[in-house]
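Thanks for coming. I have one structure to go through this morning, and I will keep to what can be read from the coordinates.

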Amino acid sequence: MGELAPAGASILIVDDDEGIREALGMALDDAGYCSGAAADGAEALAWLETHPAPRVILLDLQMPVMDGFEFRARQRAHPRLAAVPVIVFTAAAHGTAERVEALGSALVMKKPFDLDRMLSTIAEIVAT
């Protein structure tokens with residue numbers, strides 16, 4: 001998988017679970033990506049203000065402070081960040097399928113997710 005990753009392509013991981021952030025960060029680094037991490041949507045927005053826009057955002061929906069739904073709404077309203085593709089991953093069902101579909105995500109994955117599938121999806125997005 002690492003051979004598909006353009007050198008330095010950055011991925012932002014937004015999840016309140018530190019173990020998931022660390023595991024995804026290691027997997028992304030092993031695949032040749034650079035990763036950043038945030039524990040909630042507010043922290044992710046702050047990270048995005050001080051870094052170049054990532055190629056992909058990996059977004060959990062259920063988080064404290066600012067959940068994935070609010071983060072995604074703010075991201076989509078931000079001119080520099082609106083076009084950044086998002087892969088949503090979540091452990092719980094959040095409202096209706098229409099609400100999740102309205103996020104406009106590249107992919108929605110249930111936790112526990114298939115890491116190989118996520119890496120393949122990231123590689124496809126980054127290659128375009």
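I will start with the overall layout and then go through a few places in turn.

First, the ground rules. This is a predicted model, in which local features need pLDDT of at least 70 and side-chain atom pairs count only at pLDDT 80 or more, while totals for chains, interfaces and linings use all residues. Residues are numbered from 1 along each chain as its sequence is written, and side-chain values use heavy atoms, with hydrogens and water left out.

The protein has 5 helices and 5 strands. Helices here are DSSP runs of H or I with at least four residues, strands are runs of E with at least two, and both are numbered from the N terminus. Read from that end, the order is β-α-β-α-β-α-β-α-β-α. Of the 128 residues, 45% count as buried. Buried means under 20% relative accessible area, exposed means over 50%, and partly exposed is in between, with a 1.4 Å probe and protein chains only. As for contacts, meaning heavy atoms within 4.5 Å, take those with a separation of 6 or more: residues 24 or more positions apart account for 67% of them.

Now to the helix pair. How do helix 1 and helix 5 lie to each other? Their axes, for residues 18-30 and residues 115-127, come within 11 Å and cross at roughly 55°. The axes are lines fitted to C-alpha atoms over the stretch in contact, and angles run from 0 to 180 degrees between N-to-C directions. Angles under 35 degrees count as roughly parallel, over 145 as roughly antiparallel, 65 to 115 as roughly perpendicular, and the rest as oblique. Helix 1 and helix 5 are therefore oblique to each other. On the helix 1 side, the contact is made by Leu24, Ala27 and Leu28, and on the helix 5 side by Leu115, Met118, Leu119 and Ile122. That gives 7 nonpolar residues, no polar and no charged. In this scheme Ala, Val, Leu, Ile, Met, Phe, Trp, Tyr, Cys and Pro are nonpolar, Asp, Glu, Lys and Arg are charged, and the others, Gly among them, are polar.

Val14 belongs to strand 1, residues 10-14. Is Val14 buried or exposed? Val14 counts as buried because its relative accessibility is 0%. Beyond its neighbours within four places in sequence, Val14 has contacts that include Ala38, Asp40, Ile57, Met63 and Phe89. Leu58 is also in contact with Val14; the two are 44 residues apart in sequence, with 6.0 Å between their C-alpha atoms.

Val108, in strand 5 (residues 107-110), counts as partly exposed at 40% relative accessibility. Its C-alpha atom is separated by 8.9 Å from that of Val86, 22 residues away along the chain.

Val65 lies in the loop between strand 3 (56-60) and helix 3. Val65 is exposed, at 70% relative accessible area. Its phi is near 65°, a positive value in a residue other than glycine.

Last, the charged pair. A salt bridge here is a side-chain nitrogen of Lys or Arg within 4 Å of a carboxyl oxygen of Asp or Glu, and by this rule the count comes to 1. Glu70 forms a salt bridge with Arg74, and the closest N and O atoms are 2.7 Å apart. Both residues sit in helix 3 (residues 68-77), and because they are 4 residues apart, about one helical turn separates them. Glu70 is partly exposed at 34%, and Arg74 is partly exposed at 44%.
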